[in-house]
Amino acid sequence: MKSESVSADYAEYGEETLVDRARTGDMIACAALMRRYNQRLYRAIRSVLKTGSDVEDTMQDTYVAVLRNLEQFEGRAQFGTWLLKIGTNAALARMRKQMRVVQLDDLPDLDDLEPMLHVDTHAPHTPEQQVSNYEMVALVEEALDRLPYDYRQVFMLRMIEGLDTAKTAEVLGLGEDAVRQRLHRAREMLQADIRSRDGTAIPMAFGFLGRRCNRVVANVLQRLFDEPLSDSN
């Protein structure tokens, strides 16, 4: 039975219900939680790590750790916030272990900043516009990869995933003022990098859908199946 089709039946369940079911070892609930948060977790980890295999491995390790330790989730924060915090810490630990910290010089400041999120997702697109959008997405992803990771983290969570300042601060272990300052600086650096473009492709950057999403879910479920959740309780 394919987890993607079965977990679709759980798609309408609330987060609390899914977490409660996952605590009992319900693999369908586990799959539904992963599918609900795959995009967000990918972007959080991708903001730290750049190699695809590192990102997927860290995602899988994060899910296994979280799903095996749901008894530690007390519900004081949202499950998604707890998950992202664990995933971000795991990504930072992997980065430090592999000594991949790259020192990058700041890009020039700009006097005039333009808003970077003006997206009309319902507007019709010609084939030529679609090609242009794909090119823009690639340009934005390359520009984001050139940001120092601490700025990239804040920008990814705030501007791409849409987390508010308080949740971003909680995930990253920062003060809200620090989040605002890093976001402001990240926008300056990105605007300098793609000053001749607008930001219409930013919300589409770093997508994690389809085959990659299925692969992570399947691999985590296999790891959980090999050592059932009930064994860890």
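Reader: What share of the 233 residues in the protein is buried?
Author: This is a predicted model: local features need pLDDT of at least 70, side-chain atom pairs count only at pLDDT 80 or more, and totals for chains, interfaces and linings use all residues. Numbering starts from 1 along each chain as its sequence is written, and side-chain values use heavy atoms, leaving out hydrogens and water. Buried means under 20% relative accessible area, exposed over 50% and partly exposed in between (1.4 Å probe, protein chains only). Of the 233 residues, the buried ones make up 43%.

Reader: How many helices does the protein have?
Author: Helices (H or I, at least four residues) and strands (E, at least two) are DSSP runs, numbered from the N terminus. The protein has zero strands, and its helices number ten.

Reader: How is α7 oriented relative to α9?
Author: Their axes (lines fitted to C-alpha atoms over the stretch in contact, with angles from 0 to 180 degrees between N-to-C directions) come within 8 Å and cross at roughly 95 degrees. Angles of 65 to 115 degrees count as roughly perpendicular, under 35 as roughly parallel, over 145 as roughly antiparallel and the rest as oblique. So, relative to α9, α7 is roughly perpendicular.
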